[in-house]
2 protein chains.
Amino acid sequence: MKILVINAAFKEKQKDMIKTTADKVGAEVHFLVSEKDITDDLKDADVVYGFGVNIAKTSKNLKWLCVPSAGVDFMLKPDSFANEDCLFSNSSGAYGVTIAEHIIAVSLMMMRNLTDFYAASLDGIWSTPKPQKSLKDCNITVLGTGDIGTCFARRAKAFEPKVITGVCRSGKCDDPSYDRVLKVSELDSILPTTELLVMSLPSTVETTNILSRERIALMPDGAYIVNVGRGSAIDEDALADSLDSGKLAGAALDVFKTEPLPENSRLWKTKNLLITPHVAGNLTVEYTMNRNVEMFCEDLLNFAEGKTLKYLVDRKKGY
Amino acid sequence: MKILVINAAFKEKQKDMIKTTADKVGAEVHFLVSEKDITDDLKDADVVYGFGVNIAKTSKNLKWLCVPSAGVDFMLKPDSFANEDCLFSNSSGAYGVTIAEHIIAVSLMMMRNLTDFYAASLDGIWSTPKPQKSLKDCNITVLGTGDIGTCFARRAKAFEPKVITGVCRSGKCDDPSYDRVLKVSELDSILPTTELLVMSLPSTVETTNILSRERIALMPDGAYIVNVGRGSAIDEDALADSLDSGKLAGAALDVFKTEPLPENSRLWKTKNLLITPHVAGNLTVEYTMNRNVEMFCEDLLNFAEGKTLKYLVDRKKGY
């Protein structure tokens, strides 16, 4: 078995974890920094762990592609895989911890006006106090109760919010951090009381523009929105209108319909919009990187034994 | 009994809470926006709830001053009270929730490089990813285990840090959020492993420059410091040196030796220093304001019945 690991972030520790597992299953493993480094003698690899977009599209010998991201929308177009039986797994479950920290951070930055205080400090200005809001007694809705939403809910719980409502397709999630869990079809019923809406959804047909102009209008004045899933989930123009008009108190977007966000996008100048360049989840946090590798190694054992992969993508659902 | 309530932030809800309690004890209550509004007929007040610095200094009739802040250093100079038997209480216990949110927010802003991402976004720049650190597996030391430090520790616990060490005079604090609690005399022994140092100390002789140049030098490279107590606790020049040299990865100061921070202070230009203008704890958060008033009302009942006040300041300790 020939494995290609394509990842510039991995250090000796992560490489050793992979080598040890590869040895166990008698596989040879090659570490590459970029897909461009795939030489002719590596094109017949059986397994790729990395963003092997081109090799998946061209190699009929590829039997398993594991991407190190949670999002998989970029691999769900037709013709993404030359081998139609190629297994496809992702790393959903590795990013919850780091993205949850991002959500807490940007929520508090907005609610506590830290963005304004910080911006003023860059100009050497000692600002006067401004009104602040709190996660304490806040009505929070988490749209998308997967690993990311739930890691956030667990942390948010410690801030003593009034209620944390989870919203997902099935309306079911066992995590005790949620005070209740509703189906997506019930979303409209809770938006009018939602003070902080956290969105961590995959990009699918069903989630496209799920936060529409009509739904934004259902939210109360002064509400906050955080999106760390995919930019496709929000009607960006409607969001910008609601922020510029002062209806919404703030929004923090880490993902956008077009990334990088174009220079001429109105979002750069939208009032109370906190823009981060898709950095909520990445591999620079040691824990995230280790967890990512652990998950791949777990499935490498499954793969070698002919068992079903644990982190297989459901291509029909799109995540 | 004549009570003056001096506070510009209070709304009808808070005034009603106070009126109801004043009625119970047969007291008359006057609401003022500023100490300057004290007319001649109010100068014989028995009780002041507010920053009654001048009336305390001049009125021999004042029997109880309750300040709405946690810090009391500004009232501990000799001659602060014309009536040397005047009772003196504070509102320590009201600010833990809001200041804890500030500490979490600024810690994550620094550790996740959100300051840089945000600053770039103000110029319309989509930054490239930067290394990020996490509260997960972090070694946290909380210097000052009062209401503020402990509210922070409770929230920090949900982020799954490696260890939370509390440090206080007595070395004793029962809150289960701390993995261990040490005496201030043991501080030097844990600084070398402290990755995030959170300081929430009152200003006293003992806490002045407690974070000295020598102690900063004991901290590991890449450590972070947050101070929300009083600026007197840190050798500001030594801190700036450690930040500018890149030894410390970041510091977030909400309090300073001189406030407002002077225009020509080197701190404005110090590398990786996040400056906020003493806004970690204020009365704009509804919960904080209500809790503040509840505590005063609780002690108003005690005062009327001749009982010991619950929130009495220990003038010798200085908090």
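This is a predicted model: local features need pLDDT of at least 70, side-chain atom pairs count only at pLDDT 80 or more; totals for chains, interfaces and linings use all residues.
**Entry 1: the two chains**

I began with a working definition: two residues are in contact if their C-beta atoms, placed from the backbone, lie within 7 Å. The contact draws 45 residues from chain A and 45 residues from chain B.

Next I looked up which elements of chain A face chain B. Those giving two or more residues are helix 3 (96-111), helix 4 (114-122), helix 5 (147-157) and strand 12 (273-275) of chain A. Helix 3 of chain A gives the most, with eight residues. I also sorted this side of chain A by class and noted 25 nonpolar, 11 polar and nine charged residues.

**Entry 2: helix 4 meets helix 4**

How do helix 4 of chain A and helix 4 of chain B cross? Their axes come within 11 Å and cross at roughly 75 degrees. Angles of 65 to 115 degrees count as roughly perpendicular, so helix 4 of chain A and helix 4 of chain B are roughly perpendicular to each other.

I wrote down who meets whom. From helix 4 of chain A come Thr115(A), Tyr118(A), Ala119(A) and Leu122(A), and they meet Thr115(B), Tyr118(B), Ala119(B) and Leu122(B) in helix 4 of chain B. By class, the residues of this helix contact are six nonpolar, two polar and no charged.

**Entry 3: chain A as a whole**

I then stepped back to view chain A by itself. I found nine helices and 12 strands in chain A. Its radius of gyration is 21 Å, close to the 20 Å that the globule rule gives for 319 residues, so chain A is as compact as a globular protein of that length. Along the principal axes, the C-alpha atoms of chain A fill a box of roughly 65 × 45 × 35 Å.

Of the 319 residues of chain A, 48% count as buried. I also looked at contacts in chain A with a separation of 6 or more: 64% of them come from residues 24 or more positions apart.

**Entry 4: a five-stranded sheet**

In which order do the strands of the open sheet of five strands lie? I read the order as 2-1-3-4-5 in chain A, with parallel pairing. Strand 2 (28-32) and strand 5 (87-89) of chain A stand at the edges with a single partner strand each, so one side of each has no neighbour in the sheet. On average, neighbouring strands of this sheet are turned by 15 degrees against each other, direction ignored.

I followed the pairings one by one. Strand 1 and strand 3 of chain A are parallel and share four bridges, and Ile3(A) has Val47(A) in strand 3 of chain A as its bridge partner. Strand 3 of chain A runs parallel to strand 4 of chain A, with three bridges between them; here Tyr49(A) stands opposite Cys66(A). Three bridges also join strand 4 (residues 64-66) to strand 5 of chain A, again in parallel.

Helix 1 (residues 12-24) of chain A touches strand 1 (2-6) and strand 2 of chain A, and its direction makes about 160 degrees with that of strand 2. Helix 9 (residues 286-304) of chain A touches strand 3 (47-50), strand 4 and strand 5 of chain A, and its direction makes about 170 degrees with that of strand 4.

These helices also pack on each other. Helix 1 and helix 9 of chain A have axes 10 Å apart, at an angle of about 10 degrees, which means that they are roughly parallel. Among the residues in contact are Met17(A) and Ile18(A) of helix 1 of chain A and Val293(A) and Leu300(A) of helix 9 of chain A. The residues of this contact are seven nonpolar, three polar and no charged.

**Entry 5: strand 9**

My last stop was strand 9 (residues 196-199) of chain A. Are its faces covered or open? Both are covered: Leu196(A) and Val198(A) on one side and Leu197(A) and Met199(A) on the other are all buried.

I noted Leu197(A) in each pairing: Thr141(A) stands opposite Leu197(A), and Ile225(A) in strand 10 of chain A is a bridge partner of Leu197(A).

How values were computed:
Residues are numbered from 1 along each chain as its sequence is written. Chains are lettered from A and ligands numbered from 1 in the order in which they are written. The radius of gyration is taken over C-alpha atoms; the globule rule is 2.2 Å times the number of residues to the power 0.38. A residue is buried if 20 or more other C-beta atoms lie within 10 Å of its own, exposed if 12 or fewer, and partly exposed in between; C-beta atoms are placed from the backbone. Two strands pair if DSSP finds at least two bridges between them. Axes are lines fitted to C-alpha atoms, for helices over the stretch in contact, and angles run from 0 to 180 degrees between N-to-C directions. Angles under 35 degrees count as roughly parallel, over 145 as roughly antiparallel, 65 to 115 as roughly perpendicular and the rest as oblique. Ala, Val, Leu, Ile, Met, Phe, Trp, Tyr, Cys and Pro count as nonpolar, Asp, Glu, Lys and Arg as charged, and the others, Gly among them, as polar.
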